[in-house]
Amino acid sequence: MPGLPDPPLPGRSAELATLRSAVHAAGRGVSRVVLVAGPAGAGKTVLVDHLARTVRDAFTVLRVAPSPPPRPFALTGQVLAAGASGPTGRPFGDRTRSTLAAGAELASLLGRLQDERPVLLWIDDAHAADLESLRALGFTLLRQYTERVLTVICTRDAERTVWDTGLAFLAPEVERVELAERPTSALRAAGAYGCPAPHARQGERPPAGAQERPAPGRGRLAGPRTKPGAEPRTEPRTEPGAGPSAEPRTEPGAEPREPCSVAGEIRRLVADGRGREALRLFGQALLLPYGPDRDEALGLLSLAEARDERARVYLRRAREGFEAAGELHRAGDVACDVGVVESALGLAREAVDSSLFAMRHAGDEAKRARALANLAHGHALDGGPAKGLRHLDELPRTPASAPAAYTDLLIQRGMLRSLAGDLTGALTDLDAAARRRMSGAPRMGTVSALAHSVWCHFFLGDRQRAFRTLAVAHDTARTMGRPADAFALHCAGAALHAFGGRFGDARAEFAAAHGLGSWADSSSPQLFLAVAEALVEFPAGDHARVVELLDGANAPARDVRSRLYASRYVPLLGVSHVRLGDLAGARSALRVLESFEELGALLPVSVLWLRGAMAARSGDTQGAVGAYRAALAVPPDGGDPVLHKALVEQDLGALHLATGDTVRARRHLRAAERRFAGMGAEPFRERCRSLLSEAPQPACPRETVREIWGTLSERERNIAGLVARGWTNREIAAEQYLSVKTVEYHLANVYAKLGVADRRRLRDLVQSHIHGWS
């Protein structure tokens, strides 16, 4: 009868209560995600349709279901079309090939709609949707915190949908409603991804120190648990809706696995970097007999989930169990994995101890090599990157001559080299290690190698190559990465976008990183989130926010990793202190930088940049100019840190402008502008242009030109002289035995130093003022 509420669904009162609770939360401004899972015919659509009809007067309801065949971004287009006001006439399906852009468009749509009233976004039959749209949806959900949006996803294949959308990283915020016959076993209630606590024996409690959190995709509705004191049943896990006597789930065409083969398969998949595949065996790992094999399997799965604290507890217990049984080789293998986790957690001494044990007892060369990598990382945490590198002296200098088993060592050396300032040496190691993933070598650290390569290219001033490497890293992380890998890549992406002036994209990347970082169960994300946000705010000019973020991160008592990664953020912290007039804070940052051993040009340039900024702020113009010039003159050992030198050149130009020396001011500001233009650093390029507009073009006295000419290198003077004679770059390259690009590089430096804009002005200047000088 019209006007009367719909009758309640029989037998679905609990499920409706969950959905209505989510509706109330979304109405109050707290976004919610509910996964409704069950086999065909379980009533998923009927249940959510009942909910939609009861809230349609208060909510904007967007219902979409995939249409076969699944084309890329087809479902995304359906949502955008459903939310558009009136007919648009635009093809939504294939108009974008970027998950990031599609996710941002979805977020923009939902943000606009929820300003008017709450939104119910209903994705029906998500198991049939295209993968690109599911990833875009996951990106959108990671950005939602206080929006008035309730997202309900109906699916037959909960496991696939959880991982394709990234809902695993939203737990425990995701609520799950199962429309299937409730199992009688606590193990079956846990499912392959939904173990409320990793234990199954009567009276067994979670290991000490492990956090009892829901696993990905389960959320607050984790299902029934075993009553205290009751003997839990251990029948095999079955598909939703199947009876208690159904056969255990196996892969299509595969034989049911024996317990020992399950543990071995998990070891192999995790070692190969295929953690997501390994997680599909979570339910079978729970059925393993209690002992070190089971502890090792659950520890490795926790490691694949980025649950490092829980992984450490399980793996240490497995090592102790193998050691007590006299299986020292197995104990050594597990100790290697323990060292990996302890290094990630910043436990330097514990990582060193575990690695030394693994090096003595591990059963194969690859494990011992990884243990040596962990040993170097542990020492680096304690004493800086250079200290860690000293433990890798026996590794061949040429990566190609290192055995395949040493791939993890190459990654570790490349990472420590990049943090110590040897950028080109780091790229040599990291590129070689990343290429080996195609030749069957272990792929545990492939994404890490690519992530550190991104930072090397960034500091070398090649943002385009950094972006290309970042795209490859994202593709690799989707197939073999951990959540922590994707987290690190989003942090790097935020910095790259911010230094290019794309602050909207930068903050979207940071929001994605924040969503992934909240999933980890250790303190490790906090330092990297602070650094990522500071790298967004520095080019935006918010130095107060940079100091607020990094002053806490720069305390080793809070995070021991702060010393290891100091070269990436302490220079920005020190200069921001100077910009705010806090010389005491700047001196503290300078002491940190000066305490490191220099292995390349990056650290010396950073130290001199900060010294120059402090001298300029205190009124010592001569000292500031000397420090800035010394920074620009640092030889490019280990790669020329183009980004840092451009920042130094900009500050030197601004200092000359403030003292009235417009000739030198224009020379340095033009040089800085060219550097920034080459790397696409638009915020800093605009700053240079603004300062140049304040510096009028003066007549350049003959004495000043002669003084500047004397600062040119012999190579630069030769090239300038040949340009004055009318030679082309190709002719100069042949005469000087150089490449054309090298000639262009030297010529750009000559233009910047002499303050000219093109070849004609350079020719006139040389012929009128400089001709005949030595």
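Colleague: Starting with α13, what span should its 17 residues have, and how far apart are its end C-alpha atoms?

Modeller: Helix α13 covers residues 328-344, and at 1.5 Å a residue it should span 24 Å, which agrees with end C-alpha atoms that are 24 Å apart; the expected span is 1.5 Å times one less than the number of residues. Helices here are DSSP runs of H or I with at least four residues, strands are runs of E with at least two, and both are numbered from the N terminus. Bear in mind that this is a predicted model, where local features need pLDDT of at least 70, side-chain atom pairs count only at pLDDT 80 or more, and totals for chains, interfaces and linings use all residues. Residues are numbered from 1 along each chain as its sequence is written, and side-chain values use heavy atoms, with hydrogens and water left out.

Colleague: Is α13 enclosed or open, and how many of its residues are buried?

Modeller: Twelve of the 17 are buried, so α13 is largely enclosed by the rest of the structure; buried means under 20% relative accessible area, exposed over 50%, and partly exposed in between, with a 1.4 Å probe and protein chains only. The buried residues include D333, D337 and E342.

Colleague: What covers them?

Modeller: The cover includes α11 (292-304), α12 (308-324), α14 (348-361), α15 (365-383) and α25 (561-564). After α13 comes G346, with a positive phi near 80 degrees.

Colleague: Switching to the sheet, what is the strand order?

Modeller: The sheet is open, with five strands in the order β2-β3-β4-β1-β5 and parallel pairing, where two strands pair if DSSP finds at least two bridges between them. Since β2 (60-64) and β5 (174-178) stand at the edges with a single partner strand each, one side of each is left without a neighbour in the sheet.

Colleague: Which strands does α6 touch?

Modeller: Helix α6 (residues 158-165) packs on the sheet and touches β1, β4 (149-155) and β5, contact meaning heavy atoms within 4.5 Å. Its direction makes about 150 degrees with that of β1; axes are lines fitted to C-alpha atoms, for helices over the stretch in contact, and angles run from 0 to 180 degrees between N-to-C directions.

Colleague: And β2, which residues are on its covered face?

Modeller: T60, L62 and V64 form the covered face of β2, while V61 and R63 form the uncovered one. V61 stands opposite L120 in β3, and β2 pairs with β3 (residues 119-123) in the parallel sense over five bridges.
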